[in-house]
Amino acid sequence: RGQGYPAGAIRLDFTPSTVGRWWNRQAEIDVAAFGEGAALLGECKWSSRPVGVNVLDDLVRKAQPLVEEQGWRRVRYALFSRSGFTEALQKRAQAERVLLVDLQALAGV
């Protein structure tokens, strides 16, 4: 099981003024919340396999042009997974403050 959060336990350090998703011709980001010079950017995976470091790397790569364009001072990444997360990703997420949200956390279990 990946890192889970009880229902209502995920807190952002800013108040979003816009929430949704973001895309352009080169990339799509599933979850995007912006406000107060900060952003939360996330990817959702509905796979039967745990999400690995490669998904985080891909999200950061896709987000880089947007982050540079907007000039956000604070950016936090989040990954949502049906099947949890690899151990390597859990370790990296802890070090880099990446939110990992699994299906049980989404269901409020």
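Visitor: Which residues make the nonpolar surface patch of about 350 Å²?

Guide: Please keep in mind that this is a predicted model. The patch is made by Trp46, Leu103 and Leu106. Leu103 has its place in helix α3, which covers residues 103-107. Its relative accessibility is 35%, so Leu103 counts as partly exposed.

Visitor: How many helices and strands does the protein have, and what pattern do they follow along the sequence?

Guide: The secondary structure comes to 3 helices and 5 strands. Read along the sequence, the pattern is β-β-β-α-β-α-β-α.

Visitor: In what order do the strands form the sheet?

Guide: The 5 strands form an open sheet in the order β1-β2-β3-β4-β5, and the pairing is mixed. At the edges are β1 (18-23) and β5 (99-102), each of which pairs on one side only. From one strand to the next, the twist averages 25°.

Visitor: Which strands run antiparallel, and which run parallel?

Guide: β1 and β2 (residues 28-35) run antiparallel and are joined by 5 bridges. Within this pair, Val19 stands opposite Ala33 in β2. β3 and β4, by contrast, run parallel, with 8 bridges between them. Here Ala39 stands opposite Val75 in β4.

Visitor: Is β4 mostly covered or mostly uncovered?

Guide: β4 is mostly covered, since 6 of its 8 residues are buried. For the protein of 109 residues, buried residues make up 39%.

Visitor: Which helix packs on the sheet, and which strands does that helix touch?

Guide: Helix α1 (residues 53-70) packs on the sheet and touches β1, β2, β3 (38-45) and β4 (74-81). The direction of helix α1 makes about 140° with that of β4.

Visitor: Is Glu43 buried or exposed, and is Lys62 buried or exposed?

Guide: The cut-off for a buried residue is under 20% relative accessible area. Glu43 has a relative accessibility of 7% and therefore counts as buried. Lys62, at 11%, likewise counts as buried.

Visitor: Which residues do salt bridges with shared partners join into one network?

Guide: Glu43, Lys45 and Lys62 are joined in this way.

Visitor: Which side chains meet that of Arg92 in salt bridges?

Guide: The side chain of Arg92 meets that of Asp57 at 2.6 Å, N to O. This pair links distant parts of the chain, with Arg92 in helix α2 (residues 87-96) and Asp57 in helix α1, 35 residues apart. Arg92 has a relative accessibility of 23%, so it counts as partly exposed. Asp57, at 37%, also counts as partly exposed. The side chain of Glu96 meets that of Arg92 in a salt bridge at 2.9 Å, N to O. Because they are 4 residues apart in helix α2, Glu96 and Arg92 are separated by about one helical turn. Glu96 is partly exposed, with a relative accessible area of 43%.

Terms used: Residues are numbered from 1 along each chain as its sequence is written. This is a predicted model: local features need pLDDT of at least 70, side-chain atom pairs count only at pLDDT 80 or more; totals for chains, interfaces and linings use all residues. Side-chain values use heavy atoms; hydrogens and water are left out. Two strands pair if DSSP finds at least two bridges between them. Helices (H or I, at least four residues) and strands (E, at least two) are DSSP runs, numbered from the N terminus. Axes are lines fitted to C-alpha atoms, for helices over the stretch in contact, and angles run from 0 to 180 degrees between N-to-C directions. Contact means heavy atoms within 4.5 Å. Patches are made of residues with over 30% relative accessible area and no salt bridge: like charges are joined within 9 Å, nonpolar side chains (Val, Leu, Ile, Met, Phe, Trp, Tyr) within 5 Å. Accessible areas come from the Shrake-Rupley method with a 1.4 Å probe; for residues, only the protein chains shown count as cover. A salt bridge is a side-chain nitrogen of Lys or Arg within 4 Å of a carboxyl oxygen of Asp or Glu. Buried means under 20% relative accessible area, exposed over 50%, partly exposed in between (1.4 Å probe, protein chains only).
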